[in-house]
Amino acid sequence: MRPAGRKPKEAISIAGGADRVFGMIRDKGIQFVDLKLVDLPGMWQHISRPVSAFEEDAFTDGLGFDGSSIRGFQKINESDMLLMPDPDTAFVDPAAKVPTLSLICDVADPMTRTPYERDPRSIAKKAEAYLRRSGVADTAFFGPEIEFFLFDDIRYGSSVNGAFYSVDSREGIWNAGREEPGGNPGYKIRHKEGYFPVPPSDTLLDVRNEIVLKLMEAGIPIEIHHHEVATAGQCEIDMRFSTLLQMGDNCMKYKHVIRNVARTFGLTAIFMPKPMYGDNGSGMHVHQSLWKDGQPLFYDGAQYAGLSDMARHYIGGLIAHAPALLAFNAPSTNSYKRLVPGFEAPVNLVYSQRNRSACVRIPMYSDNPKAKRVEFRCPDPSANPYLAFSALLMAGLDGIRREIEPPAPVDADLYELSRDELARIKTVPGSLAESLHALEHDHEFLLEGGVFTTGLLETYIDYKITREVQPVNMRPHPYEFQLYSDI
């Protein structure tokens, strides 16, 4: 029992957080509170309240919403759900013209008041709690490198008798001969030569600068930004690493800010992994490390690439479960337009120091133990970050628990190996359907500690197959007419 008059730590934390929130509302002249939640595929949804209608009991009692209208959530006969705002996530939304405070919410069942099993953010919380209970470590750091395109124009359509898409950019090499108002200035970026020329070839410096300023306003530390390899406006803006849950929140804010700042410049930000044929796609290389009591656990200077046994076994878990992991980390049918053997994306299930052709790379920029980490290079930015990072952590912990040894490291350029040599190296699945099939048969490691549930996995797999895989498979592709219309 608690001593009389004492409040539980959670209640004290919420009360203190609520005080900070209302202090921000007062000090920043906030007029609206925007409540954000993430759906199962990984998009933010939101509702807004005027400040006059937002009270402190929202943090303890929650706010009702229709869960049947959120993708991957409830059926209509059990649609009542609760939003539970997290006061620690409060930030002034840089995308809003009227002063607006955003709060990221967890989702709870109104009958039991427990976290909702299909709420991706709650899964990230459970993954962090499982890590601490395991005794292996108390902190998992994640650092995704998210790539994206900024297009001047995007058009698409699909109907019973036709389908098309078209993207355009002032930087696109295909516009070298285009007539433009005031004359064509040239400086178009050739295919695979966008890493990283200065202006005027890089037309997006000021756009990225503005994005970075807004991201920092929203509380996200930024380390670097630059143009990426592809023509037509491919960019990368790197956030400083953070804990699993915090990085999940930051990834959601990242996309939100980039999309909205891009729109003010008349541009559209696209996080599809492969929006163009014949040039590099957009990846999300995920750097990971485990720490305990403030000390890094992945370093051992006497071993290959400075990796500890724990780090090597963590890699073993990533590689052993990679086909299933990609159901969350490369979760779109478009993802597998990027993950093609023999091209730029890493598809080979091996690890290596410095080597960007392996699916797991060990960065070797520094010999500082605190910098030792592993980089999983298969993911892309179509992923729901809470699910993707949680799955990676669970796979790594399974590798540590079972002492899974990864295949021997390969330091050679994997793109230059002979066909016989490559045949001995396993690769990632070739389609979303294959990854989902792998997840069906390899998911016990995700259920440890109740982090993921069978109900969530079944819902996720069913959603992906019925809403994405089957509709794409059933539609004629425009290129099929070029191949087969005269047979």
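I looked up D398 and found it buried, because its relative accessible area is 5%. Buried means under 20% relative accessible area, exposed over 50%, and partly exposed in between, with a 1.4 Å probe and protein chains only. The model is predicted, so local features need pLDDT of at least 70 and side-chain atom pairs count only at pLDDT 80 or more, while totals for chains, interfaces and linings use all residues. I also noted that residues are numbered from 1 along each chain as its sequence is written, and that side-chain values use heavy atoms, with hydrogens and water left out.

D398, continued. D398 forms a salt bridge with R401, and the closest N and O atoms are 2.8 Å apart. I use the term for a side-chain nitrogen of Lys or Arg within 4 Å of a carboxyl oxygen of Asp or Glu. Both D398 and R401 lie in helix α9 (residues 385–402), 3 residues apart, about one turn of the helix. Helices (H or I, at least four residues) and strands (E, at least two) are DSSP runs, numbered from the N terminus. An α-helix has 3.6 residues a turn, so residues three or four places apart point the same way.

Other salt bridges. How many salt bridges does a search of the whole structure find? The search finds 25. I then picked D88, which forms a salt bridge with R20, with 2.8 Å between the closest N and O atoms. D88 is in the loop between β4 (80–85) and β5 (91–92) and R20 is in helix α1 (residues 9–27), so the pair ties together parts that are 68 residues apart in sequence. D88 is exposed, because its relative accessible area is 52%. R20 has 49% relative accessibility, so R20 counts as partly exposed.

Next I looked at R170, which forms a salt bridge with D152; their closest N and O atoms are 2.4 Å apart. This pair links distant parts of the chain, 18 residues apart: R170 is in the loop between β9 (162–168) and α4 (205–217), and D152 is in the loop between β7 (139–151) and β8 (153–159). R170 is partly exposed at a relative accessible area of 36%, and D152 is partly exposed at 27%.

S102. Is S102 buried or exposed? S102 counts as buried, because its relative accessibility is 0%. S102 lies in strand β6 (residues 100–108). Its side chain has a polar contact of 2.5 Å with the side chain of K36, and another of 3.2 Å with the side chain of D93. A polar contact is a pair of N or O atoms within 3.5 Å; within protein, one must be able to donate a hydrogen and the other to accept it, and residues adjacent in sequence count only if both atoms are side-chain atoms.

H477. I found H477 in the loop between α13 (454–474) and α14 (478–484). H477 counts as partly exposed, because its relative accessibility is 44%. The side chain of H477 reaches the backbone nitrogen of Y479 at 2.9 Å. H477 and A163 are 314 residues apart in sequence, yet 7.5 Å apart in space, C-alpha to C-alpha.

Helix α7. I checked helix α7 (residues 322–329) last, and 7 of its 8 residues are buried. Among them are L325, L326 and F328.
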